[in-house]
Amino acid sequence: MKHTILVTGGTGFIGSHTTVELQQAGYNVVIVDNLSNSKPEVVDGIEKITGIRPAFEQVDCCDLAAMDKVFSKYEDISGIIHFAASKAVGESVQKPLLYYRNNITSLLNLLELMPAHNVKGLIFSSSCTVYGQPSPENLPVTEEAPIQKALSPYGNTKQINEEIIQDFIHSGAPVKSVILRYFNPIGAHPSALIGELPNGVPMNLIPFVTQTAIGIRGQLKIFGNDYNTPDGTCIRDYIYVVDLAKAHVKAMERVLDNPSTDAVEIFNIGTGKGVSTLEVVEGFEKATGVKVNWEYAPRREGDIEKVWADPAKANNVLGWKAETGLEETLRSAWKWQLKLREDGVQ
């Protein structure tokens, strides 16, 4: 009998893809999402892909009493994958209190409720932003690289939450956790039934690229062309969202089914390759044959110049590896955008 997993933020971009992979691996899934940055129809997409409709509760993780009711309703929850969070770097600079309240309170509530409801495992959705701008000798970044002062409130909430989890477990709480530090998830499920669909103007590069390519946005802005990189634009490690989702299945197996592991473990989830913003835009044009109207704009506060992963620990310890190339990933994002147009979503 496979475990039941609570996925917070499960109708979001990464959460929905992870729900699919969990269900396909035989887990039962309960989604909690307040729909602040997603739509309820995502549950339909998950059901079409897997043939199984996950349980869905429209609840805000910051509401302790409502979350307590969720755990009481689904008494067999064994593990949590915690995605629910505000996640735009630029917005966090403008609205820091929103980010601190939402991202930290939601985690505190989950940790408080876990022992009370006998929930043993937590996978935490963290970020490579905790490394700040790594010094040249720390690129590619391993899990041993120093944590740097965060460049944005968003990044700071990830650092603080990692510390909260470690302090809580160190205090003797009967919980095990795997912290996954993502690099930059992109793309969409190959079925084009789920993908990245932010409410309003996208804050992430790929939805802005695809929305510009299809004519929803007039022009893409590449923020900064004077960075110390080969083409002057920022470098990131772009990982296919389905590959990323599969890492969560491996992590959940590890915390629930492997008694010998440490109480807290940290893994970088990336491809190990750094790609510039300009290379992504040009790669999209090459992969799809569609031109994107773009121009350079001034640097954006909070952006890191260059960071990419050393994923060796995840490869060797978790038994997970990113397998999908950039062109195939970009084609999946375009296929999703075309499907949205076909469905009259935008």
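This is a predicted model: local features need pLDDT of at least 70, side-chain atom pairs count only at pLDDT 80 or more; totals for chains, interfaces and linings use all residues.
The cysteines were examined for disulfides. A disulfide requires two cysteine sulfur atoms within 2.5 Å. By this rule, the count is zero. C62 takes part in no disulfide. The nearest cysteine sulfur to that of C62 belongs to C61 and lies 7.1 Å away. C62 has a relative accessibility of 25% and therefore counts as partly exposed. C128 was also considered. The cysteine sulfur closest to that of C128 is in C234, at 12 Å, which is too far for a bond. C128 counts as buried, because its relative accessibility is 6%.

Aromatic rings were considered next. The search of the whole structure gave two aromatic pairs. One of them joins F284 and W334. F284 belongs to helix α9, which covers residues 277-288. W334 belongs to helix α11, which covers residues 326-342. The pair therefore ties together parts that are 50 residues apart in sequence. F284 and W334 are both buried.

W294 and Y296 also form a pair. Their ring centres are 4.9 Å apart. Their planes stand at 75°, so this pair is edge-to-face. W294 has a relative accessibility of 27% and so counts as partly exposed. Y296 counts as partly exposed too, because its value is 33%.

Charged side chains were found over tyrosine rings. K2 lies over the face of Y27, at 4.5 Å from the ring centre. R299 places its charged end over the ring of Y227. Here the distance to the ring centre is 4.0 Å.

T261 occurs in a loop. That loop runs between helix α8 (241-257) and strand β11 (264-269). The relative accessibility of T261 is 12%. Buried residues have values under 20%, so T261 counts as buried. The side chain of T261 reaches the backbone oxygen of N258, at 3.0 Å. Leaving aside residues up to four places away in sequence, T261 touches K176 and R254.

Terms used
Residues are numbered from 1 along each chain as its sequence is written. Side-chain values use heavy atoms; hydrogens and water are left out. Buried means under 20% relative accessible area, exposed over 50%, partly exposed in between (1.4 Å probe, protein chains only). Rings of Phe, Tyr and Trp (its six-membered ring) pair if their centres lie within 6.5 Å; planes under 30 degrees apart count as stacked, over 60 as edge-to-face and the rest as tilted. Helices (H or I, at least four residues) and strands (E, at least two) are DSSP runs, numbered from the N terminus. A charge sits over a ring if NZ of Lys or CZ of Arg is within 6 Å of the ring centre and within 35 degrees of the ring normal. A polar contact is a pair of N or O atoms within 3.5 Å; within protein, one must be able to donate a hydrogen and the other to accept it, and residues adjacent in sequence count only if both atoms are side-chain atoms. Contact means heavy atoms within 4.5 Å.
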